[in-house]
Amino acid sequence: MTDPRSPESRKFSVNGVVFDLDGVIVDSHPLHRIAWREFLRTVGKDVDEAALDFVLDGRTRKEILLHFLGPLTDQQLEHYGRLKDELLRTLADEMKTIPGVVEFLDHLSNAGIRIALATSASRQRASGTLHEIGIAHHFQTIVTGDDVAAGKPDPAIYLLAAKRLQLAPESLLAVEDAVSGVKSATAAGLKCVGVGSAIQAELLRAAGADPVVPDFRDLSVQQLETAFQ
C-alpha cells in the first residue's frame, strides 16, 4: 500500500518548501536589534535604530560585523560573533514562534512535502533554535550562513538547499520575510511566499513574493500549490 505521506501519493506539484528562520519561524527581529545594539556598545560603537535595519535584511553575521566594524581577522570575527550570540541567548525566553508556523510544518510533513531551512544565521544558533522549539525533526536539511561565501540576496544559499534536498529549484517554494531573502530565492529559481505586515507586503511583492501573508494561521498546503502554479 502506498504511504499517504509519500510524494507519490499526493497530487501537489510542490516538492519542497524552504523556510527562512528569523521573522519566518521565530519572531526574533526585535531581539536581534537589542542584541546587536548591546554588542556594538561593548566594542565602543553606538548606532541608531535606522542603522540597525541592516541586521534584519538577511545578512550573515560576518557581513554585519564587517559592515559596522570594518576589516577584522578571522579570530575577531569568531570571537565577536560568539559574544553577540551570547547576548541573544540571554533573551531566548522572550522569543516566540510566528503564529501558526508549528501547525503549518505539521501539515507540510503530513502531505509528504520535504522541508529545509535556509538562514543567514550561524549553524549553532539555527540548529539550537529549531531544537528548542521542538521542530527540528521536520527539516531534511539546514543551510546556514556558515555554509556559503555570500549571504542573501546572493542565490547561493537557496541553490545549496535545493542541492541538499536533491530537488530542482523550480520544484521548491521559499518562505521569506525580507526583500533580500525574496531576491535570493527567486534568483535561484524558487517561487516565494512572503510573510510580513501590510506595510511590508508591498516591498515583498515588488521583490517577487506572491502571496504575502501576515502569518501561517490561515495558510494551507492548497494555497501553496495555487501560488506555485
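Reader: How much space lies in the largest cavity?

Author: In this predicted model, about 270 Å³ of space lies in the largest cavity. A search of the whole structure finds one cavity of 30 Å³ or more.

Reader: What makes this space a cavity or a pocket?

Author: The term cavity applies because a 1.4 Å probe fits there but cannot get out, whereas a pocket is an open set of points. The largest cavity is lined by 24 residues, and D22, V55, R59, A121 and R125 are the closest to its centre.

Reader: Which helix gives the most to the lining of the largest cavity, and what is the lining's make-up by class?

Author: Helix α1 gives the most, with three residues. At least two residues each are supplied by α1 (29-42), α2 and α3. By class, the lining has six nonpolar, seven polar and 11 charged residues.

Reader: What is the volume of the largest pocket, and which residues lie nearest its centre?

Author: The volume of the largest pocket is about 450 Å³. Its lining consists of 20 residues, of which R61, K62, E78, G145 and D146 lie nearest the centre. Two or more lining residues come from each of α2 (61-69) and α3 (74-89). The largest share, six residues, comes from α3. Sorted by class, this lining holds five nonpolar, six polar and nine charged residues.

Reader: What is known of the second largest pocket?

Author: The second largest pocket holds about 270 Å³ of space. It is lined by 14 residues, the closest to its centre being R89, A92, R125, T129 and E132. The elements that give two or more residues to this lining are α3 and α5 (123-133), and α5 gives the most, with six residues. Five nonpolar, four polar and five charged residues make up the lining by class.

Reader: Why are α2 and α3 called roughly perpendicular?

Author: The two helices pack at an angle of about 105°, with their axes 10 Å apart. Angles of 65 to 115 degrees count as roughly perpendicular; α2 and α3 are therefore roughly perpendicular to each other. On the α2 side the contact is made by R61, K62, L65, L66 and L69, and on the α3 side by L77, E78, Y80, G81, R82 and D85. This contact has five nonpolar, one polar and five charged residues.

Reader: How do you know whether L172 is buried or exposed?

Author: A residue counts as buried under 20% relative accessible area. L172 has 0% relative accessibility, so L172 is buried. This residue is in strand β4 (residues 172-176). L172 and A185 are 13 residues apart in sequence and 9.5 Å apart in space, C-alpha to C-alpha.

Reader: What makes the phi of Q166 worth noting?

Author: Most residues other than glycine have a negative phi. Q166 is not a glycine, yet has a positive phi of about 60°.

Reader: Which peptide bonds are cis, and where do their prolines lie?

Author: Most peptide bonds are trans. A cis bond joins K152 and P153, with omega about 15°, and P153 lies in the loop between β3 (141-143) and α6 (156-165). The bond from D210 to P211 is also cis, with omega near 0°, and P211 lies in strand β6 (residues 209-213).

Key. Residues numbered from 1 in each chain as written. Predicted model: local features only at pLDDT ≥ 70, side-chain atom pairs only at ≥ 80, totals over all residues. Heavy atoms only, no water. 1 Å grid on protein atoms, 1.4 Å probe; cavity = no way out; pocket = protein on both sides within 12 Å on 5 of 7 lines; lining within 4 Å. Points joined across faces, edges and corners; volume = space filled by probe spheres on them. Helix = DSSP H or I, 4+ residues; strand = E, 2+ residues; numbered from the N terminus. Nonpolar A, V, L, I, M, F, W, Y, C, P; charged D, E, K, R; others polar. Axes fitted to C-alpha atoms, helices over the stretch in contact; angles between N-to-C directions. Parallel < 35°, antiparallel > 145°, perpendicular 65-115°, else oblique. Contact = heavy atoms within 4.5 Å. Buried < 20%, exposed > 50% of the residue type's maximum accessible area, 1.4 Å probe, protein only.
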